[in-house]
Amino acid sequence: MSNSDWDISDDAAALHDRAVICNTTLKSIVSLGAEQLGETLPRYLASGFTYVSLTVGLDETPLQETVLYCARERRRYKNSKDYIFVETVDDILRAKKEGKLAVGFHFQGSNPLMSELAMVELYYNLGIRHMVMVFNHKNPVGDGCLERTDGGLSQYGIRLIEEMNRVGIMVDCTHAGYTTSMEAMDVSKEPVIFSHCNVLGLRDHQRNIRDDQITACAKTGGVIGISGIARFMADPQDDSTEKFFEHIDYVTNLVGPEHVCIGLDHNYSLTTRHKYYEDNPHLLSKDDPNFPFKYVQPEQFPKLTEMMLENGYSESDVEGILGENFLRVARQVWK
């Protein structure tokens, strides 16, 4: 790509073109817009992305549905000529070399395990590479960030983290309650991630994380993926690149650029998202305003690259935030 394609400087375009750009989170299950994936994934490739991790299970999706969906989607991407299915970091690097989009899997919630530790390795073999422990509300692992209580990890939750460490699935504290997340980071022997979060210091919202959570994550060697959901960034109508960068800059100033990555989450049509929340109002926080919501889009990322350079970030810092930081953690955790 040239700067004329992205309307950015030559230096920023060259950096953006050579970077391995990773998005840790994009919903893909049917209820959240899977019918639009065929339109959305090519937009990521055109915007310079190399890797996108798809949500293929939630706390609310039952075992049978989750296993079948994982198996079918795994076969679809492994058999595709347009995508490379991700099981190792080398798959992501091969996608970059071949000009294709690498696609991986993760869960948002651990209920698809049915509290059975033996399922961890099975899901790893199906492609799951990181797993949100708790999705907003209490589950067998612990409390979520929208729960009325703030209890910590259960005994099962401790054993689950130990098994995830052994098998090679990243422990993801996104959506977890404060105490649950802090205890999870203490228990894990491997780097922990927040795959798609924003900063409480910039926006007072139940889904956002505190400074000491960010610091604890960095101490594990992990990364915080900045979410592009406008209502978590500030004004639900402000999906600007500038506002997204503010959250990157905050975490960078707190713990260093090596602990920042990208976790956009939603990019689908607003109509699809609003219908989903109308049908599932319990998933909204008390801090959420009325509809409509907006979301940062992949097409904004060339400008983000330029913005980081303009604000004094080194080229290596920018490449780290765009993808290399996540790859560092993946190299350490994935087996």
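Three bridges join strand E5 to strand E6 (residues 170–172), and the two run parallel. Strands count as paired here if DSSP finds at least two bridges between them, and the numbering of elements follows DSSP runs from the N terminus (helices are H or I with at least four residues, strands are E with at least two). The model is a predicted one, with local features needing pLDDT of at least 70 and side-chain atom pairs counting only at pLDDT 80 or more, while totals for chains, interfaces and linings use all residues. Residues are numbered from 1 along each chain as its sequence is written, and side-chain values use heavy atoms, with hydrogens and water left out.

On its other pairing, E5 meets strand E4 (residues 101–108), again in the parallel sense, over four bridges. Val132 of E5 stands opposite Gln108 and also opposite Asp172 in E6. As for cover, five of the five residues of E5 (residues 128–132) are buried, that is, under 20% relative accessible area with a 1.4 Å probe and protein chains only.

The chain gets from E4 to E5 through helix H6 (residues 118–126), in a right-handed β-α-β crossover. Right-handed here means that, with the strands pointing away from the viewer, the path from the first strand over the helix to the second runs clockwise. E5, helix H7 (residues 155–167) and E6 likewise make a right-handed β-α-β unit.

Then there is a helix pair: the axes of H13 (residues 301–310) and H14 (residues 315–333) come within 9 Å and cross at roughly 145°. Axes are lines fitted to C-alpha atoms over the stretch in contact, with angles from 0 to 180 degrees between N-to-C directions. Residues making the contact (heavy atoms within 4.5 Å) include Phe301 of H13 and Leu322 of H14.

Technical notes:
Buried means under 20% relative accessible area, exposed over 50%, partly exposed in between (1.4 Å probe, protein chains only).
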